[in-house]
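The sequence and the coordinates are shown first, and the description follows.

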Amino acid sequence: MLIDPFWIGGAANDLCLGAPGIHARGLLCWPVAESRQLAPGKLASSCLAYGTMNTDSDLQSRHLNDLRQHCAEQSVRFFQRQDHDPRFCFELFRRAINNRAEDAWEYLYQQYKPLVAGWVENNATFHVLDEEREFFVNRAFEKMWGSISPEKFTRFSDLDAVLRYLKMCVASVIIDHARAQARPQIENSLDALDGEVQRDSPDLEELVLDRVGSQEFWHRIRALISNKTEYRVLYGSFVLGLKPQEVLENYPEEFNDVREIYRVKENLLARLRRSQELIAYLASYTGETL
Amino acid sequence: MTGNASEPIFKDEQLLAYLDGEADPDVAAQIEASAADKRRAGELAGLQSRLISRLYRATCPDSEILGEFHLGLLPDQQARAIEAHLRDCSPCVHELAQLRDFLDEGGPGIFN
């Protein structure tokens with residue numbers, strides 16, 4: 001049975017500098033807000049002591065509803081920047097991940113959705129994207145659910161580490177969306193004239209490219225280049241989506257001027273278009289004859 | 001120069017510069033007056049678009065791998081591969097900086 005924690009004085013706090021966890025003399029440390037000392041939103045590691053410690057096995061044997069109730073109570077204290085016990089919520093995360101317990105996960109989703117929504121709002125990139133906040137909240141939970149294995153979960157020592165990973169997932173899904181949004185912008189800038197063109201026959205550029213795995217395709221193309229200069233132009237132009245002037249700015253020591261990059265690019269495109277090896281590969285991959 | 005020739009007047013490298021808005025204004029005007037050059041420029045635009053569509057960020061790690069790299073959760077070998085990739089990939093360097101700033105803003109702790 002958990003006994004309500006009470007504050008220990010500053011001397012005890014000194015013992016708790018560093019990573020949260022169980023320290024000497026049975027002190028349990030985790031981040032709690034010290035509103036008198038820190039600006040809103042800041043945390044510091046402080047210590048709480050318990051007359052009776054809950055062991056891992058105590059927590060693991062608790063019923064889910066019991067954990068939920070304690071997690072909810074302690075989360076209220078957490079959000080009010082009061083001292084709190086994070087281990088109930090941590091146990092829920094552990095149970096959700098290790099046991100793939102969807103009921104535990106659903107509870108955690110409801111519990112932490114407001115926190116995650118706040119993180120989304122605080123992400124500068126979110127405000128230039130074209131999706132609603134809830135979209136990223138849901139994707140972040142989905143990403144965490146899909147990314148953390150029981151083995152990986154053993155790397156998390158406490159709730160702070162788990163929530164830090166969840167916050168990383170927020171940044172990750174926003175970056176994913178920004179990446180996806182950047183691609184068509186680059187394509188559209190190149191397609192300005194494309195609509196005017198009547199193609200007369202399927203050739204390499206028609207290529208069924210969408211049916212070929214990007215990385216496999218990259219390795220096939222990379223095998224056709226002969227030196228570092230070509231690699232820079234190929235990688236910069238099509239993997240990074242840079243224009244020749246931008247390639248020059250990224251690698252000024254490797255090119256004399258931007259015209260050199262255009263010449264290399266012309267040669268590269270011509271080689272790709274006439275590569276029998278690439279055409280044969282694409283034909284065999286798709287079953288089509290080019 | 002005429003605008004009715006069946007063969008393009010300009011070399012591909014000049015047409016590529018034209019597509020990027022980098023061509024000399026006189027050259028750009030001649031390209032726009034030439035059906036063959038416009039057609040060829042369009043073909044090049046289409047080819048580049050398709051290559052980018054397939055290859056854009058094809059070699060980049062997933063964003064959560066960048067995040068796990070920042071959090072120190074990756075095995076050594078995978079972390080070294082990410083370090084090597086970062087030497088050549090400015091978008092990933094930028095994204096990693098975004099991740100770092102976002103995760104660390106306001107100092108350590110989950111209330112940030």
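In chain A, where is confidence lowest and where is it highest? The model is a predicted one, and in chain A the lowest mean pLDDT, 26, belongs to strand 1 (residues 6-7) of chain A, whereas helix 6 (residues 133-147) of chain A has the highest, 97. Over residues 1-53 of chain A the pLDDT is below 50, and this stretch has 80 contacts in the model beyond near neighbours in sequence. The pLDDT is also below 50 over residues 193-211 of chain A, a stretch with 35 contacts in the model beyond near neighbours in sequence. Averaged over chain A, the pLDDT is 75, and 68% of the residues score at least 70.

**The two chains**

|---|---|---|---|---|

Read from the N terminus, the elements of chain B follow the order α-α-α-α-α-α. Chain B is divided into domain 1, covering 12-55, and domain 2, covering 63-104. Taken over C-alpha atoms, the centres of domain 1 of chain B and domain 2 of chain B are 36 Å apart.

**Helix 4 of chain B**

Helix 4 of chain B spans residues 63-70, and it is largely enclosed by the rest of the structure because seven of its eight residues are buried. The buried residues in helix 4 of chain B are B:Ser63, B:Glu64, B:Ile65, B:Leu66, B:Gly67, B:Glu68 and B:Phe69. Just after helix 4 of chain B comes B:Gly72, with a positive phi of about 75 degrees.

**A residue in helix 6 of chain A**

A:Met144 lies in helix 6 of chain A, the element in which confidence is highest in that chain. Is A:Met144 buried or exposed? A:Met144 is buried, because 26 other C-beta atoms lie within 10 Å, and the cut-off for a buried residue is 20 or more. Leaving aside residues up to four places away in sequence, A:Met144 touches A:Tyr165, A:Leu166 and A:Cys169. Between A:Met144 and A:Ser157 there are 17 Å in space, C-alpha to C-alpha, and these two residues are 13 residues apart in sequence.

**Where a helix of chain A meets a helix of chain B**

Two packed helices are described by the angle between their axes and the distance between the axes. Helix 12 (residues 258-274) of chain A and helix 1 (residues 12-19) of chain B have axes that come within 8 Å and cross at roughly 110 degrees. Angles of 65 to 115 degrees count as roughly perpendicular, and helix 12 of chain A and helix 1 of chain B are therefore roughly perpendicular to each other. The crossing of helix 12 of chain A with helix 1 of chain B is right-handed.

Which residues of these helices meet? From helix 12 of chain A the residues are A:Tyr262, A:Arg263, A:Lys265, A:Glu266 and A:Leu269. Their counterparts in helix 1 of chain B are B:Asp12, B:Glu13, B:Leu16 and B:Ala17.

Notes. Residues are numbered from 1 along each chain as its sequence is written. Chains are lettered from A and ligands numbered from 1 in the order in which they are written. This is a predicted model: local features need pLDDT of at least 70, side-chain atom pairs count only at pLDDT 80 or more; totals for chains, interfaces and linings use all residues. Domain bounds come from an automatic or database domain assignment. pLDDT is the predictor's confidence in each residue, from 0 to 100. Helices (H or I, at least four residues) and strands (E, at least two) are DSSP runs, numbered from the N terminus. Two residues are in contact if their C-beta atoms, placed from the backbone, lie within 7 Å. A residue is buried if 20 or more other C-beta atoms lie within 10 Å of its own, exposed if 12 or fewer, and partly exposed in between; C-beta atoms are placed from the backbone. Axes are lines fitted to C-alpha atoms, for helices over the stretch in contact, and angles run from 0 to 180 degrees between N-to-C directions. Angles under 35 degrees count as roughly parallel, over 145 as roughly antiparallel, 65 to 115 as roughly perpendicular and the rest as oblique. A crossing is left-handed if the near helix is turned anticlockwise from the far one by less than a right angle, and right-handed if clockwise.
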